[in-house]
Structure formats: structure tokens, C-alpha cells
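Hello,

Here is the structure I promised to hand over. Please open it first, then read my notes below.

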Amino acid sequence: MDSNNSPIQGDFLVSHFTDGFYIVSDVNSYTIVYSQDPTSDLWTIKEQQSHFSFNTNTQISPDPVPTGYTGGFVAVSDYKIFYSSTGAYNDFYLMDAFDYTEYQAWGVVYGESGWIVKLGKIPSGTISPSSVFELYVLAIQSETQYSTPIDINFTSYSDYGLSYSSTQKKYISACQSGIIQSSDGTTWSVVNDRFDYYQFVNLVCSGDRCVGISLDSVVFDSANNGQDFDEITLDDVTTIQHSFPVVSLNNGDPSKAIFVIGSQRGLIYASNTASLWFSDGAQDSDSQNFQNCNQILSIEDTLVVNCESKILTSDDGINWNAETYDIDGVYLESVCGDSDSLVGLGNENEIFSSNDWGEKWTQRAKFTLYPNDNFILSNLIRVNHFYIGVGSDQWINQSNNNSYIPVVVSTENYKHWDVYASNVYIYDVVYSKAMKLYVGAGKYGVFSSDDYYDWQRLFSCNMQCTDIVTDGNDAILSLCSNYYDDKIDELIFVSADGGGSWKRIISPCQTYVPQEGMVDEIHCNEIDYVDYLGGFVIYSQDPSGLMFYSDNQGETWQKVSMPYAARFLGITSTDSLVATLTRSVIFSGDDIEFEGDTIQPELYTQPTNSPDQPTYSIPPGFLLTEPLDFESSFEVPTTLPTSFDLSTFDLSSFLNNQDDQDDQDNLSGGAITGIIFAIMFCLVFIVIALLGAALLNKKRKNIQRRNEQTKLLNDENAML
């Protein structure tokens, strides 16, 4: 696949490489949950942490990581030095034997003599851009073997450029005197004295080639270890992040390794020959349209990307049309649709539709239901010719306790929406042609339903299934998690018969062992079916570039070869190409390549028993068009009519419909007295009921106004 667009500002942090070509362009700690009892509500957060923070000036060495390397890692970040024996981000610790009040650590590189760290001795007075530092180096051989700071008799402004030529076996850096080199890292000499050109924020060498980035984002490219540099102009690039350039590992010909530079606006340039650079992305005017994109889908043969305040469409994955929308501060969290219209879910629980590919949007529904409710729609899906939204509603009941229910909103024509109570928290839905049922991924497993709100469990896990996809025929795969033995297992539930039977396999993401220096624990977040390829893919939003493909319903998987370690946000296809959205680039092409051995996943044999499904306060299928205030423990009779509203219950009609015909039997005085007493009791009950209804009506007055507005909006939509 080719990188045809680099759409958004995004990931510009530290990088690591292995035998493949990886750019880890963003590193964040991620969160997992932990509990001694997976069925309890007492979950705590366990975070992966490091002793230092990653930023654009962070350097970790060696980089690229040599094949089979096990020698430890040295990092420089925030002007300090850190060491790790494994390269895992949460394994670095501060090397505190050095005086960081006297020296700033600027750069680190790994060579045959070990690591060399470039130090600037802090001058007296206030540090400014014009401050001149005396240059020192540290020689580090291992975790416990290192030198004291060594004066190399050169001075420099703040300059982080330091690298190593594997062909010349020399360390290379820059200073006020020009480009300097050293065979042992401690004794340095000038090889290029054009000092006015060289003040680097980063310098990277591979073989005889070196590429440096200056403070003002000028690119300098050398084919002879820095003895001569050409100044390179990259079209439309104004700002280059300090973590670039990055370089691939090329053991056969290091000088032909691929250098990559990314700009602040998402443009990517690549080069494997000195002074020859090629854009691997969109032009600057196009890249500005790709801000904060979070979703890619295909509608027939059109690619659609949902970005911040824009909808982008393309027929070829290269040329994109941008439609900017302005909906009073609302942004679309997700979109779906067909060839006639796009339907979007707004961040304020609003539904919008567009008949012109996103140029104009019409509000179709705004879900408010009850005052002070926490009503949330988390996903909007088009399935089986219906639009289905899934979410939840939570409120404080009359006993001042939390009440909550899962909810489903649905429509067939996107103009009139109904809100139903559900019996299961569902996160994603597909339709099974084989069973003629909806199949949903939800809390505690996979479920089926013939009406998308009353669900029966098909297969269980003790946590949740978050994503589910189908090939449109009999294959259904769902991404699930299960807690066992003090850890969370990542599973794929697989059905080959439309949901009739299931098996659990361990996700290839969980068994994948990353190379040293990469993200040490990788979690796959999404699973999709790519119609053009005829197979399923599972991928990660971690900065790992990890995606696996299966064309046999999950029986085997292959790792997809990607040019850099991006965060994957989505993948789709048309009749002629595949397109993948990441946080920093869109890939599109007519094929994908694989690397590594075929993976045959293991069956998961640990217990997946889950708690019984809770009984919520409102029965599934109840149409939530009027306010309700049931206690969360109150069992609503299943005979309650759809849209039942106590405030509109006609009591007089109820009395008039009673059988008041005289059956001509003579009644005794006691019977008459009993009847009178019964009538009086009924009248007292009726008065109490009417008073209660009046109180409820008063309480619901504002809410009914909201419902009337919603009904008026639906009526207006019906006429459009």
C-alpha cells in the first residue's frame, strides 16, 4: 500500500526501529484495569509508567535496533540520562551519578565503543538562545560502567546533533567550529568549518550518509559523513519536529537506508539517496483539511473520512474533496449512511443527516428525555437497512439512588427516531442472514435479538465485547476481553455459521512479541472486515503499526507490513482499493503485503463465566417517549403497554367501562353496606391516585415540553 495522504497534525515523538521500517511517532502511557474479583464493581487503574516523559527532544539509543540486540538502552530526555536493560518504556530509570545542575544532556548515540552522550556545561547566568556552552561527553559501556564528563575542547550553542557512521566507524557532531568527528568519542577534530550553517536539533547518520535538522527547520543532507552538506528545500514544509529525521535499518547497504522527515502539518518526505527527497503525502493545502480525523468508511465506491468540522470524500484515495460544516459548535463523533444520505451522531446526542456528502446538515433528533439525566449515545450503526444507536441513560430516582438502563435508538428512514429501553449494554451490532437476527457485542459477551433491544446471550466473557463484524454471509468475529489470573486476556470470538456456534481464540496481538525498544505491551482495539480483500483485519491504536489479516475466518493470521508504526483508526475498501486511516497518514492501494510467519492462534480454554444479566428498572422494548421515575429495584410488569404514561391514564373511562347493569337480584342490607363501603374505599383510592397523578404531572411538566418539541421536530422531518 502507498502512503497517499498524510492528513493531520499528530504524532511527533520518539522513534524506534527493528528489522522492519518503523516510526513510533507517539508514545503515551496507556491504562488497563485491575481487580481481584472481575465480577465486582471495585476496579482500580494500573498504568504503565516511565521515570521520564517523552517529548520531541527525547533520544533513545541504539536506534535503529540491531538485529538480535540485547545490550540495553540509554535515553536522553529533559537534559537527563536514563538506562534500561530491556528498552521497555516503563523500565528506564535515572542514572543519578551525574550532576545535572552542572551539565545538560543533549544527545546520545551508540557505536562500537558503546554509548557517547553529548553534554553542555551550563554557563553562569541566565540561559538564553545566545548562550554558549562548553562541550563535554560521557562514555557509557554498560549499566555500571561509565566515565566522568570529558572536556572535548569545543563550544556550542544549544545543539542536540550527535550520530555515528557505521561505515567510517566515527562519531559525528556539530559545534561552533563546524562539523566534528571522533573515532573513540572522546578526541574530536573539525572536518567541516562552515560553522554558520550548523546548529542541529537532530542529526542522524546511516553508513556514509547523514541528515541534520536545524533550529529553523532547514534540512542538511550529506553523502560523505558530514564533510559536505547540501541544504534541502522541502516544498510546503514550514516546521519540522525535533524527532525527525528517522531512518530504517539497512544492513546490506546502510547508506541506502530510508530517511523520513515529517512536518508539523503532517507532510511526509522520504529519501534513500542523498539530496533526493520525495513527498509521500498530500500537498500542504490538502493536508490542512485532515485535522483530527477519527473515522474512515466507504459508501459504495466513495471513501468518506470524518474529520474535525469536515467531511472528506474521494474516489481514488489520492484526491480528496473537503466539505466544511458548521452546526453551532457541534462536531460529528461518527457517521454512517448509504448512497442517498449521510447520517451523523453529534457530540450533544443529536442526529443529523446530509444529502450532499456533508455540505449541509439537517437536525433529525435531539435526545434529552429527562432533565439532569446522563443520556449518552456511544455508537451509531447502519445495519439491515436500519440506523441503530446504542448507549445508556442514568438518573437519580425518588429514593435519591442512581438508576440506569441501556438504551437503543432506531429508525428506518433517519427522520423519525424511537428510543427503547434495552436489557443489555450493547456496543456494536451486525445482522446475521443465517439466523435472521441481530448479533451484538456487549457487556459480558455476544448476544442475539430479533428486535435490537431484547437480547439473549450466545457466548459469554466476564468483561465485555466491544467490536463485532461480519463478512455479510456466515462468518462473524467479535473482539472481546476476559479477566483471568491477574490479567486481561484479549480474545476473538468466532462463528462460522452466522452466530449459531462459537469458539474463542487468543488474539494474535496478545501473543505478538515486539522487538526491543518498541511498545512493550500492545492492545488491539478494532476488528474489521475488508470486502475488497475478502478477509478480516485486527489492529491497534497503540503506536506500534500492528495489524493482522486473516482470509479464513480467523483460523490463521498474517502480520501486515506497514512502513511505519502508526496508530490505526480504521480501514475500509471500495471495489478497487483499500484505504487505512491512521493518526498521521492515510494509506491506500490495491494490495497489502505481509511479513513474518503465519500465526495459528490458540483456542482459549480459561473460564469465561460471567455474572447473570442484571434486571433493569424498565423492561426491554419500552418506548421512552414520556418521563418515568421508576425505582431501580422496582420490577415493571411485562404487560405494561408500549408508551404507557401514568399521567394520561383515563380513570373516568376506566370507571365508565365497569359493568353497572342491574342483574335484578335482590341484595341484602349487609351486601348493600358492603358495596357502599367498597365504593367509598374506591373513591378514597381514586382521590389518592389523582393527587399522586397531579404531583407526577407537575413534576413532568417541563419534560413533556421537551417531548413535544421532539415530536414537532419529528413531524417536521417527516415533511422534509
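Is E595 buried, partly exposed or exposed? E595 is partly exposed, with a relative accessible area of 26%. Buried here means under 20% relative accessible area, exposed means over 50%, and partly exposed lies in between, with a 1.4 Å probe and protein chains only.

Before the rest, two notes on the source. This is a predicted model, where local features need pLDDT of at least 70, side-chain atom pairs count only at pLDDT 80 or more, and totals for chains, interfaces and linings use all residues. Residues are numbered from 1 along each chain as its sequence is written, and side-chain values use heavy atoms, with hydrogens and water left out.

Salt bridges

The structure holds nine salt bridges. The term stands for a side-chain nitrogen of Lys or Arg within 4 Å of a carboxyl oxygen of Asp or Glu. Three of them follow.

E595 and K559 meet through their side chains at 3.1 Å, N to O. E595 lies in strand β49 (residues 594-599) and K559 in strand β45, so the pair ties together parts that are 36 residues apart in sequence. Strands are DSSP runs (E, at least two residues), numbered from the N terminus. K559 is buried, at 7% relative accessibility.

E350 pairs with K366 in a salt bridge, and their closest N and O atoms are 3.9 Å apart. E350 sits in strand β30 (residues 350-354) and K366 in strand β31 (residues 362-366), so this bridge ties together parts 16 residues apart in sequence. E350 is buried at 7%. K366 is partly exposed at 33%.

K503 has a salt bridge with E555, with 2.5 Å between the closest N and O atoms. K503 is in strand β41 (residues 503-506), while E555 is in the loop between β44 (547-550) and β45 (557-560), so the pair ties together parts 52 residues apart in sequence. K503 is partly exposed, with a relative accessible area of 27%. E555 is partly exposed too, at 37%.

A buried charge without a bridge

Now look at D528, in strand β42 (residues 524-530). D528 is buried yet has no salt bridge. The nearest side chain of opposite charge, R382, is 16 Å away. For charge, Lys and Arg count as positive and Asp and Glu as negative; His and the chain ends are not counted.

What joins the side chains of D528 and Y539? A polar contact of 2.6 Å. That is a pair of N or O atoms within 3.5 Å; within protein, one must be able to donate a hydrogen and the other to accept it, and residues adjacent in sequence count only if both atoms are side-chain atoms.

N192

N192 belongs to strand β15 (residues 189-192). N192 is buried, with a relative accessible area of 5%. Its side chain reaches the backbone oxygen of Q227 at 2.9 Å. The C-alpha atoms of N192 and G178 are separated by 5.4 Å, though the two are 14 residues apart along the chain.

A four-stranded sheet

Four strands form an open sheet in the order β16-β17-β18-β19, with antiparallel pairing. Two strands pair if DSSP finds at least two bridges between them. β16 (200-206) and β19 (230-232) are the edges, each with a single partner strand, so one side of each is left without a neighbour in the sheet. Three bridges join β18 (residues 219-222) to β19. D230 in β19 is the bridge partner of D221.

Best wishes
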